[in-house]
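Some labels in a structure description rest on a cut-off.

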Amino acid sequence: MTSPPPLLEVDNLQVAFETEDGLLHAVDGVSFQVDSGRTLGIVGESGCGKSVTASSILRLVPSPPGRILGGEIRFAGTDILQLTIEELSHIRGNEISMIFQDPMTSLNPVFTVEKQMGEVLDLRFGFKKREARARSVEMLRTVGIAEPEARVTSYPHELSGGMKQRVMIAMALLCEPKLLIADEPTTALDVTIQAQILNLIKELQERTGAAVIFITHDMGVIAETCDEVAVMYAGRVVEQGEVVEIFGRSKHPYTLGLLESIPRKGVTKKSDLPTIEGLVPSLFHPPKGCRFAPRCAKRERLGEVDQSRCFGEDPSLRLVDDGLVACHFPLEEAEFTIGRAVTPPAGGTG
């Protein structure tokens, strides 16, 4: 029997922004796929292209100044980039929903929670006011908001940060989407609320069978929530694989640098954590070879000939063991010391 096709396939996505300094290539040839019921984590430093990639899936990149220069985004076999605005409106919020990273600005401050949720239900299902209120209360209860009958009449400024984020999740799940994109959903929340939000997304996924794309810079969150990981650097995916493989036997030096920065037992001061020296390259004029080469600790240990290859030849994403790696000289088992210091997760959301 042949396996069903992926729910979402992103193939060679390229997104750029017009600026006063020229064309900035925010996403440059990104490819990945997500199956129903699975969670893909996209991780990397700020500015690596994670959020732009997520916004591109729903064609939410502002134009101008943003432009999708090329690639395909196939959802259930249909290329989203080829749809008309009317066709796209049937997918947005209905089959694909997105939780934005800042609920403070994503919720309209002059409307109550009931009004904002009711508008979604009216547009999507034609719900009348009484039906919409009942459904809104039900969803607020589902996401763990106490006294939902009272909270549904609240304005955003009357809610805590954690409550606002739960409201955003409730709105994203009103239509029970097939794909949920969560862009830094726990940003600016305290640790207790973060854990509650992550568990909530996991529970709802298990109930509905939705696919989830989790955008974050936090490798600890990736370990807790994801089945697969795509590591981005300077607009490109540099490593991709199962979360257990990435944490246990990562092959890219950049991924190793991210993992080494995770606080762990025995490290009491932030200054004792290893750092990745140097700066991210300019996305206006990316370097010719490997974009991570100037900061790569392994490259510094190579001979002159091999180093010239790192600086002169752009590595493509290729299969190494059980994962994909964009590196001319992937890490060997003996080089991956962090694997002995960090316990790999038992598995993703499964």
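What follows is a set of questions and answers on a predicted model.

Q: What makes the overall dimensions of the protein chain agree with a compact globule?
A: A compact globule of 350 residues would have a radius of gyration near 20 Å, and the protein chain has 21 Å, so the two agree. The C-alpha trace spans about 70 × 50 × 50 Å along its principal axes. The protein chain holds 13 helices and 12 strands.

Q: How much of the protein chain counts as buried, and what does its surface consist of?
A: Of the 350 residues, 48% count as buried.

Q: Why is helix H1 called largely enclosed?
A: Buried means under 20% relative accessible area. In helix H1 (residues 50–57), 7 of the 8 residues are buried, so the helix is largely enclosed by the rest of the structure. Those buried residues are Lys 50, Val 52, Thr 53, Ala 54, Ser 55, Ser 56 and Ile 57. Just after H1, Arg 59 has a positive phi of about 55 degrees.

Q: Why is Lys 251 called buried?
A: The relative accessible area of Lys 251 is 12%, and the cut-off for buried is under 20%; therefore Lys 251 is buried. Lys 251 sits in the loop between helix H10 (243–249) and helix H11 (253–260).

Q: What makes the pairing of Lys 251 with Asp 321 a polar contact?
A: The two side chains meet at 3.2 Å, and a polar contact needs a pair of N or O atoms within 3.5 Å. Asp 321 is also one of the residues in contact with Lys 251 when neighbours within four places in sequence are left aside; the others are Glu 239, Val 320, Val 325, Pro 330 and Leu 331.

Q: Is Ser 46 buried or exposed, and what decides it?
A: Ser 46 has a relative accessible area of 68%. Exposed means over 50%, so Ser 46 is exposed. Ser 46 belongs to the loop between strand E3 (39–43) and H1. From the C-alpha atom of Ser 46 to that of Gln 82, 36 residues away along the chain, the separation is 29 Å.

Q: Why does Thr 39 count as buried?
A: Thr 39 has 2% relative accessibility, and the limit for buried is under 20%, so Thr 39 counts as buried. Thr 39 is part of strand E3. Its side chain makes a polar contact of 3.0 Å with the side chain of Gln 205.

Q: Why are Asn 12 and Glu 176 called partly exposed?
A: Partly exposed lies between the limits of under 20% for buried and over 50% for exposed. Asn 12 has a relative accessible area of 36%, so it is partly exposed. At 44% relative accessibility, Glu 176 counts as partly exposed too.

Q: What makes the phi values of Asn 12 and Glu 176 worth noting?
A: Most residues other than glycine have a negative phi. Asn 12, in strand E1 (residues 8–19), has a positive phi of about 55 degrees although it is not a glycine. Glu 176, in the loop between helix H7 (161–172) and strand E7 (179–183), has a positive phi of about 45 degrees and is not a glycine either.

Q: Which peptide bonds around Pro 64 are cis?
A: A cis peptide bond joins Ser 63 to Pro 64, with omega about -10 degrees. Another joins Pro 64 to Pro 65, with omega about 10 degrees. Pro 64 lies in the loop between H1 and strand E4 (66–75). Most peptide bonds are trans.

Note on methods:
Residues are numbered from 1 along each chain as its sequence is written. This is a predicted model: local features need pLDDT of at least 70, side-chain atom pairs count only at pLDDT 80 or more; totals for chains, interfaces and linings use all residues. Side-chain values use heavy atoms; hydrogens and water are left out. Helices (H or I, at least four residues) and strands (E, at least two) are DSSP runs, numbered from the N terminus. The radius of gyration is taken over C-alpha atoms; the globule rule is 2.2 Å times the number of residues to the power 0.38. Buried means under 20% relative accessible area, exposed over 50%, partly exposed in between (1.4 Å probe, protein chains only). A polar contact is a pair of N or O atoms within 3.5 Å; within protein, one must be able to donate a hydrogen and the other to accept it, and residues adjacent in sequence count only if both atoms are side-chain atoms. Contact means heavy atoms within 4.5 Å.
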